[in-house]
Structure formats: structure tokens, C-alpha cells
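Hi,

Here is the structure I promised to pass on. Have a look at it first, and then read my notes below.

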Amino acid sequence: MKTPFLYHGQDSAWLTSTDNMLNVTIVSDVNTLISAIFIRCEPDNEELLIDMERGRTQGRLQYWHGKLPINSDKDTTFYTFKVMQNSRQWWLHGCGVSPRVPGKEKHFKFNNQHQPPAWVKEQIFYQVFPDRFSNANPSISVQSNEYCLRGTEKPTIAKAWGESASSHDSSGPSEFFGGDLQGVHNKIDYLQELGVTALYLNPIFTAPSNHKYDTTDYLNIDPHLGTNEQFANMVADLHQRNMKIMLDAVYNHTSVDHPWFDMYQRNTVDQAVGAYDHPNSTYRQYYQFTDNSNEYVGWNGISTLPKLNFSNPEVQDYIYAGDDAVIKHWLKPPYNIDAWRFDVIHMLGEGKGARNNAHFVKSFRNAAKSVNPDCYVLGEHFFEASNWLQGDQEDGAMNYYGFAHPLRAFFAQKDIAYHACQIDAEELVEWLNEARTKLPWLNQLSQLNQLDSHDTMRFLTMVDNNTETMHLALIMLFAYVGTPCVYYGTEVELQGGQDPDNRRCFPWERTEQEQKPQTFSYLQQLITVRKSSTALQSGSIQWLLAENQHFAFARTTETEQVICLINNSESAKTLHLPVWQLGIETGSLHDLLTDDEWHINDGVVSITLAGKEGILLTASE
């Protein structure tokens with residue numbers, strides 16, 4: 001039997017809360033015989049079925065309305081819809097329509113207590129790896145043999161801008177190109193020209209490596225990048241331009257050179273000795289040592305990154321609990337940052353492993369929100385992060401699992417391990433829906449979507465430098481649910497393999513050419529469309545078709561509809577879009593990038609896409 005058309009969005013056109021009740025709306029095909037529709041919810045952990053009432057019709061759409069109680073025993077309210085059709089029943093849930101009751105992970109979710117900052121979904125983030133972005137002050141750059149990263153091993157290497165980086169296993173972390181904060185500050189005009197509204201910086205606190213995920217001082221900017229005063233001035237300038245800034249926090253582990261640990265006996269703090277080789281050190285319990293030996297737990301088994309011991313109240317006070325805790329420090333004047341990105345946040349906890357992890361993530365969140373209730377709390381997770389994204393822990397995650405991974409499989413035929421992984425459009429949609437539906441709607445909008453990052457091969461390189469395919473993926477970055485983040489250099493078609501080749505120096509000469517790379521203007525166009533569209537920022541998503549290598553979906557609000565079409569095959573394809581499912585029966589669709597138009601005939605529009613073509617359309621009368 002053919003699956004009926006049923007749809008429920010989650011923006012304010014479909015879902016509102018008043019007086020401890022949720023008002024929900026769904027639509028069906030007016031020509032589909034339906035005897036009853038029930039809202040299924042669990043207000044006291046027991047099933048409750050609530051009748052929905054028929055509302056107005058619009059074209060071929062029949063509207064249905066109902067109310068359900070917001071759960072009082074838990075933060076998140078789960079609900080789904082039971083549709084009766086004679087002797088047959090259908091269930092409408094976050095992944096679509098099925099003939100039986102779905103599992104809870106597929107139910108729609110609403111968190112009444114914990115919601116992400118409203119500003120996040122409106123942003124265009126831009127990620128910068130500071131050492132490789134721009135060198136404005138060579139006098140503070142790391143010099144060759146200035147110091148060693150591991151005792152007397154791994155001496156620093158100063159390289160000329162644009163040289164190749166060595167492999168990660170050799171001298172990669174000890175190679176420096178001289179990028180600094182003044183360089184970033186000097187390029188803010190450039191970022192605004194591109195359309196960027198929020199800056200995400202990889203770690204900038206004092207650390208021996210170029211990547212700085214091995215902190216030695218949480219309260220000071222690395223002197224080879226700049227000063228605390230410089231940073232405060234840069235943030236003030238960003239805020240004056242109505243831009244935001246997010247910093248990278250590494251609280252799971254420190255460097256072995258941190259004064260608390262001091263493996264190489266190079267530091268003292270108030271004349272206190274470090275924990276390594278000193279069982280009686282004041283800081284011994286800051287880490288996870290085995291008895292009186294020098295055996296300790298390193299992050300992911302890496303001995304140069306000793307894990308902090310969060311069962312120690314002094315560590316708790318220093319990182320998040322105390323009045324002057326690090327998390328709070330950078331949110332206060334004169335710095336006033338807007339967001340924290342927490343590195344490997346899922347791995348920190350008590351003792352070896354991540355025991356009591358949820359408690360600490362919640363504590364991090366509460367600490368940040370106590371200073372700035374609008375602080376964006378972002379977690380790094382390479383895989384599924386649903387447990388951390390129900391509202392009470394993280395506002396969003398680096399959306400590898402729910403965006404980067406499926407797009408990599410569809411466009412580049414690779415999985416996260418770079419193994420062969422080929423999926424078609426139907427499988428892509430299934431993957432995207434499954435990942436998204438596990439989260440409350442507002443957390444879906446606050447996921448940080450990226451095609452690539454400092455930890456992955458650059459997307460352009462993954463697709464064998466095919467800019468047409470890259471542009472299709474960029475359309476998805478700006479049209480799909482979540483907040484887009486561009487990795488530095490994407491706009492000038494910077495290539496790069498796996499770490500550290502993905503951290504090449506920014507080729508500024510490409511921006512000074514009379515003709516910039518094609519991707520620059522294309523990205524500018526996409527950013528302009530995204531920034532001017534409430535539908536792309538906060539609208540519900542509705543899939544219109546998915547087959548082989550092509551698909552189409554709409555992002556909609558009460559006042560705007562934007563349709564994204566992608567043809568990832570090499571040959572032209574004519575798509576027949578059932579726009580009647582959006583309540584559109586007549587009129588035309590206007591291309592937001594080229595001004596082309598297509599006329600709608602009886603609720604359907606036929607559009608021929610060339611090979612490797614993607615377009616964004618909006619409806620007009």
C-alpha cells in the first residue's frame with residue numbers, strides 16, 4: 001500500500017508552547033481518507049493518545065491541530081502522531097512515515113527548560129588555525145631551536161610562509177609559520193567582505209606546539225600569538241562590528257610542560273614542584289597517577305597529554321566551579337567571548353575513562369551560562385553525540401556524524417576513516433534524518449555544520465579537486481539545518497590532505513589576483529542568501545524527493561520557502577517537484593543565484609538540472 005503524505009515541521013508555524021502545553025499542527029493530503037489522527041505522548045511515562053481536530057484546507061493540504069501537555073517530570077517532551085486509515089495505521093515521526101509505532105529516538109522532541117542561544121543559528125562561522133592564517137608581527141614568531149617540545153627532543157622549526165608541513169608523526173607539531181592574532185585582527189575587513197559573522201579560533205592559550213592542544217597556561221594568550229590586551233582589543237572590534245567569537249578550550253588534559261605536571265622540571269608555580277616525579281607535589285592529585293609511581297593516564301594513550309583528574313575539587317574549582325574559574329574568566333570583561341568550543345569533552349571525567357562525564361559537561365554549561373546566559377556551548381564529537389545534545393549539556397556539537405560524515409559519503413564516497421563508502425540520495429536522506437531527529441529542534445539548528453576542519457582532509461581534496469562537486473556540498477552547508485562554518489581558505493580553494501597537510505598557510509596572493517578563485521564569489525553568494533533568509537536560518541525541513549544521485553528539500557517558515565535541488569550525477573536530470581506538498585499550487589519558482597524562473601503547473605514544477613548542478617529557489621506569486 002502506498003505511504004500517504006503526512007508532514008509536521010518544528011518551527012513556530014507548526015509548534016508553539018503556551019501554558020505548559022504544546023500546540024502542534026500537521027498536514028495530510030486532502031484526498032487521503034483518514035478516520036482519525038492522535039498525538040501520542042507520555043506525560044507520566046505512560047502512553048496518552050490525544051485526538052487531533054481537522055482545520056482548514058489549502059490546495060491539496062488538510063491541516064490538523066492538537067495540544068499535548070509538556071512533561072513536568074523531565075526536561076524533554078517526546079511526541080509522535082498515530083494516523084488511522086480504515087483498518088490501516090501510519091505513524092508520522094521525525095524520520096518520516098512508517099506503518100508501526102517508532103522507537104523513542106525517532107519521536108519529535110521539545111526541551112522546555114534548556115535551549116541554545118537564539119543568535120547561533122543566524123551566524124556564518126569561520127574557523128581559523130592561528131599559526132597558518134596571517135603573520136602580522138614576525139618579531140614574536142617562534143624561531144628555530146628556540147625550545148624543544150619534549151625535553152631535549154623535538155626542537156622548534158621556523159618555516160617560511162607557504163612551505164609544506166612535515167608529517168604529523170615527525171616534526172609536524174614543532175613547525176611554526178608565524179601566524180598571530182594581529183594577523184587575524186588585520187583580516188577582519190576581509191572576513192566581512194566574504195560575509196563572515198562569527199570567528200572560531202583553534203586554541204590560542206600558551207602551549208609549546210603549533211596546534212596548542214597541549215596547554216601550559218590557561219589564563220594567558222601564547223606570547224608567540226600576541227597578548228591578552230591584543231586579544232581583548234580584537235574582541236572589542238569584533239563586537240563593534242556585530243560579530244561573535246568562539247574560543248577552543250582543552251580541559252581534558254594539559255601539556256607535560258604545564259607547571260602542574262612539569263615533566264622536564266622547567267617550571268615552578270609559587271615555588272611548588274610539579275606532579276611528575278614528585279609524589280608529594282601539591283599538584284599530584286591534579287592528574288591520574290598510579291600510586292607513587294610515575295605511571296599516569298594520558299589522553300587517548302598519548303603520554304605527552306596527561307589527563308586531568310576531575311574528581312579533585314581543586315581541579316573543578318580552577319576549571320569551572322570557582323568564581324575565577326577559567327571557563328568564566330574569558331567570558332568576563334575585558335575579553336567577553338561569546339562561545340566555548342570544548343575539545344574532546346566526551347572523554348573527561350573521574351579516574352581513567354570518562355566516569356560521571358554528563359555531570360561535568362552540565363557543570364561546564366552552567367558555569368558558562370552563569371556569566372553569560374547567551375554563551376554558546378559547543379562540544380567536539382567525531383561520532384554520534386545525541387546523549388550530549390538533549391539541551392541540558394551542550395547547545396550544539398561539531399556535526400561530524402549528522403552532516404560531515406554523510407556528505408563525505410555521498411559526494412566523496414569515503415567514510416570518516418577514508419575507506420570506500422558509497423551511498424545514494426535515499427540513503428543520504430535516511431542518514432541525515434536519523435541523526436537530526438534524535439535532537440530537540442532548536443539544538444538541531446545550533447549544530448555546527450562543517451565540510452572539513454583542522455582534523456580532517458580538506459573537502460576539495462577529498463573530491464579530487466572537483467570544484468563542481470565542492471560547490472554542491474557548499475550549497476548543502478548553507479541550505480541544510482544547522483549553523484554553517486567555513487574552514488579558512490575554503491573560499492580560495494585551498495587544498496590539503498590529512499593532518500598536518502590540511503593546515504596549510506593561507507595563500508593570500510590568491511585574494512590579491514585580479515580574478516579571485518571562482519569559489520570566493522560563489523561562497524559570497526551563498527552567504528548573502530543565507531543571511532537574508534529566515535527560512536534557511538530557522539525554517540523546518542521538508543524532503544520533496546530523493547533518488548539515485550539527486551534530491552530536493554525545502555526549508556520553510558510561515559512567510560518564506562526556499563527549495564534546494566542537487567544533481568550529483570555527471571548527466572542532466574529533470575526533477576518533478578511536488579510543491580503542492582508545501583501548499584504551493586500556482587505561481588513560479590525563482591532562482592536565488594541566477595534569477596532564472598520556472599512556472600508551477602497544478603502543484604508540480606519540472607526543472608532540468610545539468611550534471612553536477614545545484615540551485616536554490618524561492619516561491620513567488
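A word on terms before the details: I call something a polar contact when two N or O atoms lie within 3.5 Å; within protein, one has to be able to donate a hydrogen and the other to accept it, and residues adjacent in sequence count only if both atoms are side-chain atoms. By that rule, the side chain of asparagine 210 reaches the backbone oxygen of glutamate 175 at 2.7 Å.

Keep in mind that this is a predicted model, where local features need pLDDT of at least 70 and side-chain atom pairs count only at pLDDT 80 or more, while totals for chains, interfaces and linings use all residues. Residues are numbered from 1 along each chain as its sequence is written, and side-chain values use heavy atoms, with hydrogens and water left out.

Back to asparagine 210. You'll find it in the loop between β18 (205-206) and β19 (217-221); helices (H or I, at least four residues) and strands (E, at least two) are DSSP runs, numbered from the N terminus. Asparagine 210 is buried, at 7% relative accessibility. Buried here means under 20% relative accessible area, exposed is over 50%, and partly exposed is in between (1.4 Å probe, protein chains only). Leaving aside neighbours within four places in sequence, asparagine 210 has contacts (heavy atoms within 4.5 Å) that include Phe129, Arg132, Pro173 and Phe176.

Next, the start of α7. Asparagine 399 sits in the loop between β23 (396-397) and α7 (400-412), and is buried at a relative accessible area of 10%. What does asparagine 399 do at the N-terminal end of α7? It caps that end, with a side-chain oxygen 3.1 Å from the backbone nitrogen of glycine 402. The side chain of asparagine 399 also makes a polar contact with the side chain of asparagine 449, at 2.9 Å.

The helix itself deserves a look. α7 has 13 residues, yet its end C-alpha atoms are only 15 Å apart, short of the 18 Å that a straight helix would reach at 1.5 Å a residue (the expected span is 1.5 Å times one less than the number of residues). Of the 13 residues of α7, 13 are buried, so the helix is largely enclosed by the rest of the structure. Just after α7, glutamine 413 has a positive phi of about 55 degrees.

Glycine 482 is buried, at 1% relative accessibility.

On to the rings. Rings of Phe, Tyr and Trp (its six-membered ring) pair if their centres lie within 6.5 Å; planes under 30 degrees apart are stacked, over 60 edge-to-face, and the rest tilted. The count comes to 53 aromatic pairs. In one of them, phenylalanine 133 and phenylalanine 506 have ring centres 5.5 Å apart and planes at 85 degrees, so the pair is edge-to-face. These two residues are 373 residues apart, so to speak a link between distant parts of the chain, and both are buried. Tryptophan 330 and tyrosine 335 have centres 4.4 Å apart and planes at 40 degrees, so that pair is tilted; both are buried.
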